[in-house]
Amino acid sequence: MVNLKKLAATVTLGALLISGTTPGYAASLTDKQKKVQQQQQQNNSEQSKANASIQKREQAISKEQQEINKLDAELQDVINDVAQKKAEIRATQQKIAALQKQIKQYEAKMKAQEELMKERMATMQKNGGGSIDWAEFIFGSKDFGDLLTRMITAGTIQENDKQIFEEYQATKEKLAAAQAELKAERDALVKQKEELEQRQKTLNQKMKERAAKIKKLNAEKVKFESKLMSLQEMESTLKAQEKAIKAEMEAQRRAAEEAKRAAAAAAAAKKQQASNTGSSAASTPTASAAASVPASGGMFQRPANGRLSQGWGAASGANGYSFHNGLDIAAPVGTPINAAQTGTVTTAGWGGAYGNHVIITHVLNGQVWTTVYAHMSSVSVSAGQRVTQGQHIGGMGSTGNSTGSHLHFEIHRGGYSYSSSSAGSTVNPASFF
């Protein structure tokens, strides 16, 4: 007879073995799985919080970066203005010095003319001036010039002496005009210095704000990029541009003289050939004359090939400027960059937000123009060098305040002058292409 208890125990054990675990172990495993799931959920939650915190911090850093960019752009405007006013003051001082020199020359000339006229008047009085009431002329006149005017009006000065006195009057008028201009320039200088003082105060205040902001960011270990070009760099650029304008005008003068000499030589050669071979041969232009005719590529040509990534005009302000002063042309690093027009290189090398850059001064039909080529990977020209339109000046890159390989290209009517909130002196380069 089968033992029912033993059979029941065997069946129960078999069932447990088939199920693979015991009730207690199964319960224990379920608890562990729950704990693991809870831990995973907690980790996921913490990770989400960490990601949100990182994202929030990144947004804060981005906002701080935008504030730095905005502050730097405002500072750059003031720095440009201060440097420009210093340049204006230097120009006014130079003009005043020139006027002072001119006034001394007029005064010396008048003194010599007065001595000559006194001699002529003494001769007149001695040789035939008995009928003239000299006392009335002399004591009734305010000054020597007034005496001459009275005598000319009264017809007491002879025709052959009249020219001497008229030249004196002309010198006197020129002296008076120069003195009036000198006074106006001195008044302008006083005003310019007052304006400079105010802008300098604004600059100092903004520099303090910037220093405090940077100190705070450094304390928080926030990495940021500065766009600021120093006042010294801006002044150096303006001085270099003044020098480049003079150099460009001198180069054009020499080129014009050379062309004139070449034309005269060609005309002489043509005349000689006509006398030797007859007028029919003279009608054919010489090879040298034909070769002397320059080719023109337009007022400005596109400086590089590539995709237009940003145009000239209003901007969002996210990068610290609310007006984009040039065109951005995107292409691979090393893409050739060429001079948009013939001119003299003002600056070439590294500089602040522009990174590697070139500034070229052009004088076209008496008008000064300035072109800027920024963020270059390489520069192949130097300051003071004269370049021709289409000449290679460097390679495209992403130096300075740049997020990708591109050329930032500006055209200024007149000298270089930057503004982050308006077109300033820039014009849309696309209108020339």
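Modeller: What follows is a short walk through the salt bridges. This is a predicted model, in which local features need pLDDT of at least 70, side-chain atom pairs count only at pLDDT 80 or more, and totals for chains, interfaces and linings use all residues. Residues are numbered from 1 along each chain as its sequence is written, and side-chain values use heavy atoms, with hydrogens and water left out.

Side chains of opposite charge can pair when their charged atoms come close. A salt bridge here is a side-chain nitrogen of Lys or Arg within 4 Å of a carboxyl oxygen of Asp or Glu. The whole structure holds 10 of them.

Start in helix 6 (residues 231-277). Helices are DSSP runs of H or I, at least four residues long, numbered from the N terminus. R253 and E257 form a salt bridge there, at 2.5 Å from N to O. They are four residues apart, about one helical turn. R253 is partly exposed at 38% relative accessibility. Partly exposed lies between buried (under 20% relative accessible area) and exposed (over 50%), using a 1.4 Å probe and protein chains only. E257 is also partly exposed, at 37%. This pair belongs to a network of salt bridges linking E250, R253, R254 and E257.

Helix 6 also holds R261 and E258, three residues apart. Their closest N and O atoms are 2.8 Å apart in a salt bridge. E258 is partly exposed at 45%.

Now helix 5 (residues 159-219), where K183 and D187 sit four residues apart. Their salt bridge has its closest N and O atoms at 3.2 Å. K183 counts as exposed because its relative accessibility is 54%. D187 is partly exposed at 43%.

Terms used:
Helix = DSSP H or I, 4+ residues; strand = E, 2+ residues; numbered from the N terminus.
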